[in-house]
Amino acid sequence: MQVNYKSILKISYPILISMLMQQLIGITDIVFLGRLGEVELGASALGSTYFFTIFMIAFGFSVGAQIIMARRNGEQNFEKIGPVFYQGCSFLIVINLLFILLSYFLTPNLLKTIIESSEIYQSTLEYVNWRIWGILSASTIIMVRGFFVSITKTKVLSVISVIMVLTNVVLNYVLIFGKFGMPKLGISGAATASNISEIVAVIVYILYFLVKVNLKKYGF
């Protein structure tokens with residue numbers, strides 16, 4: 001590939017869009033919960049910040065794995081990319097299960113020290129207890145993103161990210177407000193919607209892998 005501004009932009013803009021869409025998951029929750037009340041609005045903002053603080057640990061690890069996969073791609077040792085991807089996913093699954101376990105024990109006391117309002121505290125804790133499970137699918141998404149960035153095939157990232165956000169918007173409306181016969185879940189509905197939308201993104205990525213990616217070439 002000839003290196004110029006156009007080729008760099010072609011690779012980078014889907015990455016930028018996918019990262020923006022990832023942030024929009026939390027912002028969408030805040031927008032919908034703002035219609036419920038000030039308590040839910042504040043709790044969702046705090047809960048989203050708390051979740052992304054934990055998420056950034058996984059994100060940092062995925063960047064390291066991405067560098068190694070990109071190096072293998074540059075060396076044309078394509079068959080060694082798959083094992084790096086598997087190891088990265090395996091590590092993140094284990095560490096994230098540990099985060100989930102620790103969250104249930106440590107989060108209540110931690111939130112009590114930084115939140116004065118008992119109402120906001122309870123709502124934030126409810127949001128975090130549901131949202132924390134999304135760390136598994138969110139980490140899988142960033143590992144997949146790292147794979148496609150490392151092989152410079154980034155176009156799919158923006159498409160699937162948009163699917164994820166649109167799914168979250170629809171599910172937020174349905175689950176928060178109890179539409180179409182669903183129970184009104186409030187703030188836990190926002191967390192559940194975010195988790196499900198990320199699971200949908202993982203499923204679409206898996207389908208794309210099976211159909212479009214040369215699994216044998218990359219050692220999968």
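On a 1 Å grid over the protein atoms alone, a cavity is a set of points where a 1.4 Å probe fits but cannot get out, and its lining residues have an atom within 4 Å of a point. This is a predicted model, in which local features need pLDDT of at least 70 and side-chain atom pairs count only at pLDDT 80 or more, while totals for chains, interfaces and linings use all residues. Residues are numbered from 1 along each chain as its sequence is written, and side-chain values use heavy atoms, with hydrogens and water left out.

The structure holds 1 cavity of 30 Å³ or more. The volume of the largest cavity is about 40 Å³, a volume being the space filled by probe spheres set on the grid points, which are joined across faces, edges and corners. Its lining is made by Cys89, Leu92, Ile93, Leu136, Ser139, Thr140 and Met143. Two or more of these residues come from each of H3 and helix H5 (134-150), where helices are DSSP runs (H or I, at least four residues) numbered from the N terminus. H5 provides the largest share of this lining, 4 residues. By class, the lining of the largest cavity has 5 nonpolar, 2 polar and no charged residues; here Ala, Val, Leu, Ile, Met, Phe, Trp, Tyr, Cys and Pro count as nonpolar, Asp, Glu, Lys and Arg as charged, and the others, Gly among them, as polar.

We turn next to open space. A pocket is an open set of grid points with protein on both sides within 12 Å along at least five of seven lines. The largest pocket has a volume of about 310 Å³. It is lined by 15 residues, and those closest to its centre are Phe85, Tyr86, Val144, Ile206 and Phe209. At least two lining residues are supplied by each of H3, H5 and helix H7 (187-212), and H7 gives the most, with 6 residues. The lining of the largest pocket comprises 13 nonpolar, 2 polar and no charged residues.

H3 also packs against another helix. Helix H2 (residues 38-74) and helix H3 (residues 81-114) meet at an angle of about 170 degrees, with their axes 10 Å apart. Axes are lines fitted to C-alpha atoms, for helices over the stretch in contact, and angles run from 0 to 180 degrees between N-to-C directions. H2 and H3 are therefore roughly antiparallel to each other, a term used for angles over 145 degrees. From H2, residues including Tyr50, Ile54, Phe61 and Arg72 take part in the contact, and from H3, residues including Phe85, Phe91, Leu92 and Leu111; contact means heavy atoms within 4.5 Å. By class, this contact has 16 nonpolar, 4 polar and 1 charged residues.

The loops deserve a look as well. Most residues other than glycine have a negative phi. Gln76, in the loop between H2 and H3, has a positive phi near 65 degrees. Gln76 is exposed, with a relative accessible area of 57%; exposed means over 50%, buried under 20% and partly exposed in between (1.4 Å probe, protein chains only). Thr152, in the loop between H5 and helix H6 (155-177), likewise has a positive phi, near 60 degrees, and is partly exposed, with a relative accessible area of 35%. Arg35 sits in the loop between helix H1 (5-33) and H2 and is exposed at 62% relative accessibility. Arg35 and Val63 are 28 residues apart in sequence and 36 Å apart in space, C-alpha to C-alpha.

Definitions and conventions
Angles under 35 degrees count as roughly parallel, over 145 as roughly antiparallel, 65 to 115 as roughly perpendicular and the rest as oblique.
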